[in-house]
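Work through the following exercises with the structure in view, and compare each of your steps with the solution given below it.

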Amino acid sequence: MTNLERLKLELGNKEYFSDEEYSVFLDENDLNSDGGYDKIEYNRNLLLTCLDVLEAVANDIDLMRKVETEFTTTSQAYSYLEKRIESIKDKIAAIEDEQSQYGCFSLMFTRDR
């Protein structure tokens, strides 16, 4: 599976943008759209790309209206996007915590006396 295919999967196969535009988002996060997806190595960058795409959609009301959704109003769609963006930010924070050698409390107790 390529990075582009994985991005589309993460976005629920919604056609917010063209493949070329998705490729630009991937390139901005140091991912090659044709490269093979490796979760361990690329998961954080893919989530950052997904975050960029959803924020771009949330910032363009006309684009939101064009995309077929299960929502009856634009405000419902926007609320969903905001929740989804926060969920992705939480996932990114969890990945960063896993990669850190220090836990959130370990530095509190390392001071020499």
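**Exercise 1.** At what angle do helix α2 (residues 19-28) and helix α3 (residues 39-58) pack, and how far apart are their axes?

**Solution.** This is a predicted model, in which local features need pLDDT of at least 70 and side-chain atom pairs count only at pLDDT 80 or more, while totals for chains, interfaces and linings use all residues. Residues are numbered from 1 along each chain as its sequence is written, and side-chain values use heavy atoms, with hydrogens and water left out.

Helices here are DSSP runs (H or I, at least four residues), numbered from the N terminus. The two helices pack at an angle of about 130°, with their axes 9 Å apart; the axes are lines fitted to C-alpha atoms over the stretch in contact, and angles run from 0 to 180 degrees between N-to-C directions. That makes α2 oblique to α3, since angles under 35 degrees count as roughly parallel, over 145 as roughly antiparallel, 65 to 115 as roughly perpendicular and the rest as oblique.

**Exercise 2.** Which residue forms a salt bridge with aspartate 19, and are the partners buried or exposed, or in between?

**Solution.** A salt bridge is a side-chain nitrogen of Lys or Arg within 4 Å of a carboxyl oxygen of Asp or Glu. The partner of aspartate 19 is lysine 8, with the closest N and O atoms 2.6 Å apart. Aspartate 19 lies in helix α2 and lysine 8 in helix α1 (residues 3-10), so the pair ties together parts that are 11 residues apart in sequence. With a relative accessible area of 31%, aspartate 19 is partly exposed, whereas lysine 8, at 17%, is buried (buried means under 20% relative accessible area, exposed over 50%, partly exposed in between, with a 1.4 Å probe and protein chains only).
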